[in-house]
Amino acid sequence: MSPSASSATSLANGVHEKHLDGLSQKILSTDLHASLPDELYCSPAVYQLERRAIFSKRWFLVSHKARYRSPGDYVQYEMGGFNFVVVKNKAESIVSFHNICR
């Protein structure tokens with residue numbers, strides 16, 4: 001089969017869908033000397049996949065309530081490429097905001 005007749009679709013920086021297929025599956029390789037293709041370590045497409053899979057589906061501890069002593073105290077955070085603000089409001093509750101508008 002010629003390289004142009006490959007069934008895998010190229011995403012970015014030479015990364016193909018066939019390389020991403022096994023990332024979400026728990027499969028152990030039988031080849032102990034095999035490693036992931038080099039492109040997976042520096043590909044923007046893989047970074048975006050990992051960012052969505054890890055940072056957008058889990059709760060993360062970012063601070064302790066002692067950091068917010070009076071209403072209006074806030075801290076801005078960036079985690080996994082997502083920016084958000086944690087603030088103590090007038091009702092003395094600690095709330096957070098994330099701009100999801102594109």
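Helices (H or I, at least four residues) and strands (E, at least two) are DSSP runs, numbered from the N terminus. The views show a predicted model, in which local features need pLDDT of at least 70 and side-chain atom pairs count only at pLDDT 80 or more, while totals for chains, interfaces and linings use all residues. Residues are numbered from 1 along each chain as its sequence is written, and side-chain values use heavy atoms, with hydrogens and water left out.

View 1. Of the 102 residues, 16% count as buried, where buried means under 20% relative accessible area, exposed over 50%, and partly exposed in between (1.4 Å probe, protein chains only). The chain exposes about 8,700 Å², of which carbon and sulfur atoms supply 55%; accessible areas come from the Shrake-Rupley method with a 1.4 Å probe, and for residues only the protein chains shown count as cover. Among contacts (heavy atoms within 4.5 Å) between residues at least 6 apart in sequence, 29% join residues at least 24 apart.

**View 2. The hairpin of S2 and S3.** Strand S3 (residues 94–98) runs antiparallel to S2, and 5 bridges join them; two strands pair if DSSP finds at least two bridges between them. Val85 has Phe97 in S3 as its bridge partner. The hairpin has 5 residues between the strands, and Glu92 takes a positive phi near 65 degrees.

**View 3. Lys88 in strand S2.** Lys88, within the strand formed by residues 82–88, is classed as buried because its relative accessible area is 11%. The side chain of Lys88 reaches the backbone oxygen of Tyr68 at 3.2 Å and that of Arg69 at 3.4 Å; a polar contact is a pair of N or O atoms within 3.5 Å, and within protein one must be able to donate a hydrogen and the other to accept it, while residues adjacent in sequence count only if both atoms are side-chain atoms. Not counting residues up to four places away in sequence, Lys88 touches several residues, among them Ser70, Asp73 and Ile94.
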